[in-house]
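Thanks for coming, everyone. Please bring up the sequence and the structure, and we'll walk through them together.

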Amino acid sequence: MTARTTRRTTAARTRLAAVGSLAVAGALLLSACGDQTNDSGGSSSESSSGASTAPLFSKLPADIQKSGVIQVGTNAEYAPMESVEGGKIVGVDPDIAAALGKQLGVEFKFTSGGFDTLITAVNSGRYDIAMSSITDNKQRQEGLDDSGKKLGEGVDFVDYFTAGTAIYVQKGNPKGITGMADLCGQTVAVQRGTTYEEALQAQSKTCTGDGKKALKIESFENDTEAQTRVKSGGAVAGVNDYPVAVDMAEKAGGGNTFEVLDEQYEAAPFGIVVAKDNTQLRDALKEAVDAIIEDGSYQKALEKWGAESGAIKQAAINGGK
């Protein structure tokens with residue numbers, strides 16, 4: 001999905017959990033994407049000449065104006081940000097995209113695939129953008145690995161949301177986990193390729209530096225598998241974006257499966273991923289995000305999914321650290 005490093009103080013799947021590795025996605029092979037596809041956001045009314053009369057249509061690249069579609073890569077396994085319901089991809093991101101579509105006069109067509117392939121897919125031209133609770137950070141902007149080595153092409157981000165990382169545990173917190181420090185020597189579940197995974201790796205080094213045991217980090221292809229591991233007791237905790245963790249705790253098992261620790265870590269922005277050479281699309285998207293903040297449709301989309309805590313006041317380009 002992040003976001004997904006949303007472990008800021010907002011709450012929306014922070015895919016902050018190890019999303020740094022997404023910056024390296026350019027070096028990864030594309031996996032088969034296309035689990036679910038749907039359109040989000042219709043084009044505005046058209047003039048007699050066939051051109052859209054939407055306020056920002058003229059800002060878009062000519063090829064997108066011609067097709068009337070922005071192809072969006074996502075990982076629809078991250079409610080409430082993006083998930084599949086009734087065969088359709090729904091959530092905060094699709095609703096924000098629908099609002100953007102009204103400003104830009106085009107449709108946003110979402111296709112779900114592997115989270116750790118999304119950046120590669122944008123740089124390869126498979127998608128125009130990726131929108132999946134993806135944390136904006138310097139590694140991804142520059143295509144670097146954890147050690148600063150160049151592994152792939154970087155990308156630009158149009159920041160539209162902010163979130164922090166959260167720790168979730170079994171209901172009742174049987175192991176008495178109160179924060180990151182309590183995870184030393186414990187097994188922790190996380191989705192592979194997220195900033196959360198990176199955060200846990202950093203915490204493990206802190207543990208050993210303090211003379212404690214390292215974390216045993218179990219990384220899974222998707223977030224559902226990580227949740228299942230915590231539910232079964234195979235892992236004492238999982239890490240996720242705060243909004244996503246809260247939504248999961250409220251819904252799983254009727255609210256009787258998980259609970260979320262109060263503290264949030266490393267608040268950071270989620271961004272729409274755009275290829276470095278597609279500055280015209282990037283700038284049009286920034287204008288559109290600012291426009292939906294101004295007209296209220298942005299806030300309406302967040303309120304629908306209980307994600308108001310992640311609201312921003314103004315879009316930014318590459319605002320992540």
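What span should helix α5 have at 1.5 Å a residue, and how far apart are its end C-alpha atoms? The helix covers residues 195-209, so 15 residues should span 21 Å. The end C-alpha atoms are 21 Å apart, which agrees.

Keep in mind that this is a predicted model. The protein chain averages a pLDDT of 86. Of the residues, 84% score at least 70. Now look at residues 1-35. There, pLDDT stays under 50. The model still has 279 contacts for that stretch, counted beyond four places in sequence. Where pLDDT is low, the predicted coordinates should not be read in detail.

Back to α5. Its buried residues are Thr-195, Tyr-196, Glu-197, Glu-198, Ala-199, Leu-200, Gln-203, Ser-204 and Cys-207. Just after the helix comes Gly-211, with a positive phi of about 80 degrees.

Next, the strands. Take β3, residues 69-74. Five of its six residues are buried, so call the strand mostly covered. β3 runs parallel to β7, residues 107-112, and six bridges join the two.

Last stop: Thr-279, in helix α8, residues 279-295. Is Thr-279 buried, exposed or partly exposed? Its relative accessibility is 35%, so Thr-279 counts as partly exposed. Now find Asp-156. Thr-279 and Asp-156 are 123 residues apart along the chain. Their C-alpha atoms are separated by 8.5 Å.

Definitions and conventions. Residues numbered from 1 in each chain as written. Predicted model: local features only at pLDDT ≥ 70, side-chain atom pairs only at ≥ 80, totals over all residues. Heavy atoms only, no water. pLDDT = per-residue confidence, 0-100. Contact = heavy atoms within 4.5 Å. Helix = DSSP H or I, 4+ residues; strand = E, 2+ residues; numbered from the N terminus. Expected span 1.5 Å × (residues − 1). Buried < 20%, exposed > 50% of the residue type's maximum accessible area, 1.4 Å probe, protein only. Pairing = 2+ DSSP bridges.
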